[in-house]
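Have the viewer open as you read.

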Amino acid sequence: MIELHELTKRYGDKTAVDGITATIQPGAVTGFLGPNGAGKSTTMRLILGLDGPTSGHAHVNGKPYSTSKAPLAEVGAVLDAKAIDGGRSARNHLLALGASVKVGPRRVDEVIDLVGLTDVAHRRTRQFSLGMGQRLGIASALLADPEILILDEPVNGLDVDGVQWLRGLLTDMAAEGRTVLLSSHLMSEMELVAERLLVIGQGKILADSTIRDFIQHSAVGSVSVVSPDADRLIHLLQGDGIAITTTGSERFQVQGMGTRTIGDIAFQNRLRIHELAPHAGSLEEAYMAMTRDAVEYSGTHAHTPASTTVTGALR
Ligand SMILES: Nc1ncnc2c1ncn2[C@@H]1O[C@H](COP(=O)(O)OP(=O)(O)OP(=O)(O)O)[C@@H](O)[C@H]1O
Ligand SMILES: [Mg+2]
């Protein structure tokens, strides 16, 4: 389990992480989302003790990770897959890493096979492609069979096969009761692999919930309605916070009202309904709606402060 308490990191006058309190639970893949510069990598470095907090703390299994007696068995992490000494072969790199924690050649070959690098295990890592580097980073992280896995944008550079393999690996690890924290900007992938989400913007938590709740509570959901009495029904549904889009003579979409309310209003007014279908919206839509105001670097807009904090509501 990873616990963050009032975790804050400042670089000069820049607050990269701003009072984050959250628990990353075992038994689930937690997706760590946020715009560029939101503070995700900094938070991960703070968890791993690679950087010290300005205030607050990050605990791994109840204590600072820097005090861990078996660090590689406790946490496997890939923050920067390219940060590997390029002169060694992949296998020698893993053997050297394994030697420091009493992991022998058998386990080394096992993880090489697991990440699909058997054919290039004797090649110098300097010649590795981005995706091969990612796979090697993941192999290093898995070497001591860790209880917690922290991966910063691991999908970056992986081919389709690699993305599918990683998805299976992470969901299996979570199912075994391990803690998995994973950052990625690929929303469709996150939707497939993660069960929980921690969303940050400008160093602050914007949401901490399951993906399901995150999408349901955001305003991106809609209901599509088919009714031969569409005109009268639309008239009755109109109101503050309700957006209605007509998509055919009998067909329209409603945002801001659920299927139950629409169905009840139709029933009370003896109006016919032939279809009433909820659309949850995608993670990407929900994420865009939430982080719109929390983008550090945007192509066209001026910087605006984060205004949406829904943590309480979504917990
Ligand atoms: N060593 C450092 N010195 C100064 N500023 C830093 C340092 N590390 C990070 N920052 C700043 O802290 C903020 C958060 O950066 P961080 O790398 O944690 O963001 P991120 O969420 O990982 O972004 P991305 O999605 O682009 O990877 C940024 O404004 C960044 O410029
Ligand atoms: Mg980052």
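Predicted model: local features only at pLDDT ≥ 70, side-chain atom pairs only at ≥ 80, totals over all residues.

Residues are numbered from 1 along each chain as its sequence is written, chains are lettered from A and ligands numbered from 1 in the order in which they are written, and side-chain values use heavy atoms, leaving out hydrogens and water.

E11 and strand E12 (residues 251–255) run antiparallel and are joined over 4 bridges. Here, helices (H or I, at least four residues) and strands (E, at least two) are DSSP runs, numbered from the N terminus, and two strands pair if DSSP finds at least two bridges between them. The two belong to an open sheet of 4 strands with antiparallel pairing, ordered E11-E12-E10-E13. At its edges lie strand E11 (243–246) and strand E13 (275–279), each pairing on one side only. On average, neighbouring strands of this sheet are turned by 20 degrees against each other, direction ignored; axes are lines fitted to C-alpha atoms, for helices over the stretch in contact, and angles run from 0 to 180 degrees between N-to-C directions.

Helix H9 (residues 230–237) touches strand E10 (222–226), E11 and E12, and its direction makes about 10 degrees with that of E12. Helix H10 (residues 259–268) touches E10, E12 and E13, at about 160 degrees to the direction of E13.

Now turn to another open sheet, which has 6 strands in the order E5-E6-E7-E3-E8-E9 and mixed pairing. Strand E5 (75–78) and strand E9 (204–210) are at the edges with a single partner strand each, so one side of each is left without a neighbour in the sheet. E5 and strand E6 (residues 148–152) pair in the parallel sense over 4 bridges, with Ala77 bridged to Ile150 in E6. Helix H5 (residues 130–142) packs on the sheet against E5 and E6, its direction making about 165 degrees with that of E5.

The chain is divided into domain 1 (2–216) and domain 2 (222–279), with bounds from an automatic or database domain assignment. Their centres, taken over C-alpha atoms, are separated by 45 Å.

Finally, look inside. The structure holds 1 cavity of 30 Å³ or more (on a 1 Å grid over the protein atoms alone, a set of points where a 1.4 Å probe fits but cannot get out; lining residues have an atom within 4 Å of a point). The largest cavity has a volume of about 50 Å³, the space filled by probe spheres set on the points. Helix H6 (160–175) and helix H7 (187–193) each supply at least two lining residues, and H6 gives the most, with 4 residues. Among the lining residues are Leu166, Arg167 and Met190.

Key. Contact = heavy atoms within 4.5 Å. 1 Å grid on protein atoms, 1.4 Å probe; cavity = no way out; pocket = protein on both sides within 12 Å on 5 of 7 lines; lining within 4 Å.
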